[in-house]
Amino acid sequence: MVPLVARRVLITVPLVVVVSFLVFLMIDLVPGDPAVKLAGENASAERIEAIREQLHLADPLLTRYLTWLGGSVTGDLGRSFVTNQEVGGLLWTALGATASLVLVTAVLMVVIGLVLGITAAVNHGRAADRIVVALCSVLVATPSFWLALLLVVFFAVDYAIFPAIGFVPLTEDPARWLYHLVLPGLALSARPSAELTLQLRAALTEVLQRDFVTAASARGLTRAQIVGKHALKNAAVPAVTVLGFRLAEIIGGAVVIETVFSLPGLGPLMVQSVLGGDVPVILGIVVLTMLWVALFNLLTDLSYLYLNPKART
Amino acid sequence: MSTSRSGRRSDRQPSRRTRIRAGIVLAAAAALTVACSSSGPASTPETSAVDTEATLRIGYVGPVPSLDPTQQRLGGEQGATFLLYDRLMQLGNDFEVKPMLATSWEFAPDGSYLELKLREGITFHDGTPVDATAVKASLERSKTAPGSTVAQSLSDIKSVEVIDPTTVRLVLEPGRGAGLPTILTSNAGEIMSAKAIADGRDLALAPGDAGSGPYLVSEFKPNEIVVFERAPRPYWDSDAAKIKRIEIRYMPQASVGLNALRSGQLDMVLTTAADVQSVQKLAETGAVNKSEFSLLTPSHALFMHTDHPAFSDPQVRAAISQAIDREAICRDLLAGNCDPRIQPYASNHWAYVKELDEQLTFTPEQAQQTLADAGVAGVRFPLVFTAGSSYESVAQVVQSQLAQAGITVDLMPLPSAEAFTGFREGRYPAYLTTVTASAEPSQLMDTQFLGGYNAADAIRDVVTPIAEQADKPGLSREERAKLYGQIWAEVNKATTLIPIISNKVAWAYSPKVHGVDEMPWSWSGGFELRYLTVTR
């Protein structure tokens, strides 16, 4: 396990450097001078030049990148061009909302995926199975933003059960934290939950037809014991793969959902920083996103080791 | 009207709040109060119905990245600092300049300075006096702060002199400054504590007690939310600060804000052209109230480099203007939520010229005739605009309308910074954008006509003397209006700028909120919240 983690970390470090440089390059190539953007439409040429000097935008590309990289290594991601806040602090605050959303989404994914997947597998070929498959097919094809709007109109506007917008930090009030994240979590988890369900259903159906299941059944184990203690672990590897990949990807979907529910997460921060030409924040988000993806890929690999002893050798 | 489900909680509880507290709002009498001490522009409900402990939660489509008046780039941002800082003057909805910190003002007979008498007995929240020294420190900071966005607006001020504690003299650049009183009603005229300035306080993120306004910031997350609490001490303007707490939350989309308004999480939301129709439907059900405003200056106008071959012939420019069916854009594209425009100012502004609107005609045959008379065929030009914005659909319609007159437009959607930088630098010959919303025509001259976009560049020799005349201190509003009318007429005659339309914006709000109809600065898409009230 330790070599795997070490190998992943060693791969991640140069990857962050290369990708951040490519992003830096792409931002530089995008038409539009951040100094002009920051100065406003009616600014004089002198003012634009002053901002350019203040932010070192006239320095060569490589100099600017190395300055940023040097700071990043020491944990200093620079300051926002727009608000002058420390990028690290901005990311930390936004990560709180996004991580909360992802956590709730992950729990919903696992719960929905397990319940529906097991239900479909143990009732393979029956009505319950068909209903689950049909439902999942619909959810897989449903755009999350559209579902989010439907949920808002029904549960927030028409019936006022959940709030339409807003976020409360977990540390402030856990109940209200959850209350604000139910609808966004449902919207974001619908599609991956359906994928997880279908994956689990297929794997579990196959496992339940194996000889050891018949033997266990002959030994008098109940259906719940067979599924819970034996079959599920054998069927978990493909399901965990889906779960890991989706949790890594979900940060992309969070951009839309956070906008619809006005959550102060990484999504709106990303949109604002791109529109405002806020280079340090864009780079910070890119690095954070890469670390996020690398972390979930690592966790997925580690879960393989746990679920599949053969992979440990 | 009274089916609001608005509450003053920071968020909703699961139970639906549907009880109707009938009669409270409708019983309120509307009254316009214009007093010397304040513009008091609210239609005020009965005093007993006003909830002075209320919270007002606003969803606004523009983010607030900074609370430093010298660092604000968009008009909407200043609405936040209007609550923190008092300005030297304030602007009424009739565009009359009214007293605020300055109780009176007068230009020198020779126009060399503008002298202001300050309100006595006012202090900043840090206890220091709002006096001439503070005004001097504040204006000098606004003129010289690195990256100040108001420095250009204050460029008519050469220096600031303290005459006595309640008298300050703004020494003017020779022959300039007539528009200064209006300019000082904006964030350019916001006065900060000299002590806070000297201490180097971070006014962008933590202004603390640096202002003398009716509110203090209790929470600020840039680009997300800013929360104001009424200052504990009595405020000099008794018409202001009737609401205890004001939350301004950034809404990435107006539709998100509308949902929050309908669910009772917000009390007031600004919507723009695309959502005005939705607000109208909601208002018809009585779920929300609606106040609609036309923007003061054109939201969509075609700026051109008249030295570009495509636009060097005035007849070609005239033909382009004649071939644009502004009525159709408003009617068919924006469902009537806009006004066709042919001049910089709307009819409620003193620099509006009624006669010019007679040119607001769609004459495609005349456009073709004009081109034929000019002996020009195959006119073609690229048109840049901000990608993914409301300009896109208008640009497409303009493209198809001009095609009918034989003019080919190549649409070039670009990132906003590249669009306006590229146009200003002359890399693109035509730019579809907004005429900056300024109530002061001299500012438009500096930023749109004779500077910035240089929309009057081709007739600079004609326009400059008139603009200089109009900027001379001491002229009456009528005299200035006449001069600016001449400029607009010259611009139209040479067609160096083609105004197209002006969007409407609408505030959707809970029936408990009052004073929105008369709220100053709505013509800019911004807001001045200090005179709003909320009833129980």
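Q: How much area is buried between domain 1 of chain A and domain 2 of chain A?
A: Keep in mind that this is a predicted model. Chain A is split into domain 1 (32–76) and domain 2 (88–312), and carbon and sulfur atoms give 74% of the area the two bury. The total buried between domain 1 of chain A and domain 2 of chain A comes to about 390 Å².

Q: Which residues in domain 1 of chain A lose the most area to domain 2 of chain A?
A: The C-alpha centres of these two domains are 39 Å apart, and four residues of domain 1 of chain A touch five residues of domain 2 of chain A. On the domain 1 side, three residues together make up 87% of what that side buries. They are Pro34(A), Lys37(A) and Trp68(A).

Q: Which helix gives the most to the side of domain 1 of chain A that touches domain 2 of chain A?
A: Chain A has 12 helices and zero strands, so a helix label is what to look for. The one that gives the most here covers residues 34–39 and supplies three residues. That's helix α2 of chain A.

Q: What share of the 313 residues in chain A is buried?
A: Along its principal axes, the C-alpha trace of chain A spans about 85 × 55 × 35 Å. Among contacts in chain A with a separation of 6 or more, residues 24 or more positions apart account for 73%. To count as buried, a residue has to be under 20% relative accessible area. By that cut-off, the buried share of chain A is 47%.

Q: How much area is buried between chain A and chain B?
A: Now for the two chains together. The contact takes 40 residues from chain A and 44 residues from chain B. Carbon and sulfur atoms give 53% of the buried area, and the total between chain A and chain B is about 3,500 Å².

Q: Which helix supplies the largest share of the side of chain A that touches chain B?
A: By class, that side of chain A has 22 nonpolar, 12 polar and six charged residues. Helices supplying at least two residues each include α3 (45–54), α8 (174–207) and α10 (223–260) of chain A. The largest share is five residues, and it comes from α7(A).

Q: How much area do domain 2 of chain B and domain 3 of chain B bury between them?
A: In chain B, domain 2 covers 90–194 and domain 3 covers 300–503. Their C-alpha centres are separated by 33 Å, with 17 residues of domain 2 of chain B and 16 residues of domain 3 of chain B in the contact. Of the area they bury, 54% is on carbon and sulfur atoms, and the total is about 1,200 Å².

Q: Which residue forms a salt bridge with Glu96(B)?
A: The rule finds one salt bridge across the interface of domain 2 of chain B and domain 3 of chain B. For Glu96(B) and its partner, the closest N and O atoms are 3.8 Å apart, and that partner is Arg477(B).

Q: Is Thr271(B) buried or exposed?
A: Thr271(B) is found in strand β11 (residues 268–271) of chain B. Not counting residues up to four places away in sequence, Thr271(B) touches several residues, including Ala254(B), Leu258(B) and Val505(B). Because its relative accessible area is 0%, Thr271(B) is buried.

Technical notes: Residues are numbered from 1 along each chain as its sequence is written. Chains are lettered from A and ligands numbered from 1 in the order in which they are written. This is a predicted model: local features need pLDDT of at least 70, side-chain atom pairs count only at pLDDT 80 or more; totals for chains, interfaces and linings use all residues. Side-chain values use heavy atoms; hydrogens and water are left out. Domain bounds come from an automatic or database domain assignment. Contact means heavy atoms within 4.5 Å. Buried area is the accessible area (1.4 Å probe) that two parts lose on being put together, summed over both. A salt bridge is a side-chain nitrogen of Lys or Arg within 4 Å of a carboxyl oxygen of Asp or Glu. Helices (H or I, at least four residues) and strands (E, at least two) are DSSP runs, numbered from the N terminus. Buried means under 20% relative accessible area, exposed over 50%, partly exposed in between (1.4 Å probe, protein chains only). Ala, Val, Leu, Ile, Met, Phe, Trp, Tyr, Cys and Pro count as nonpolar, Asp, Glu, Lys and Arg as charged, and the others, Gly among them, as polar.
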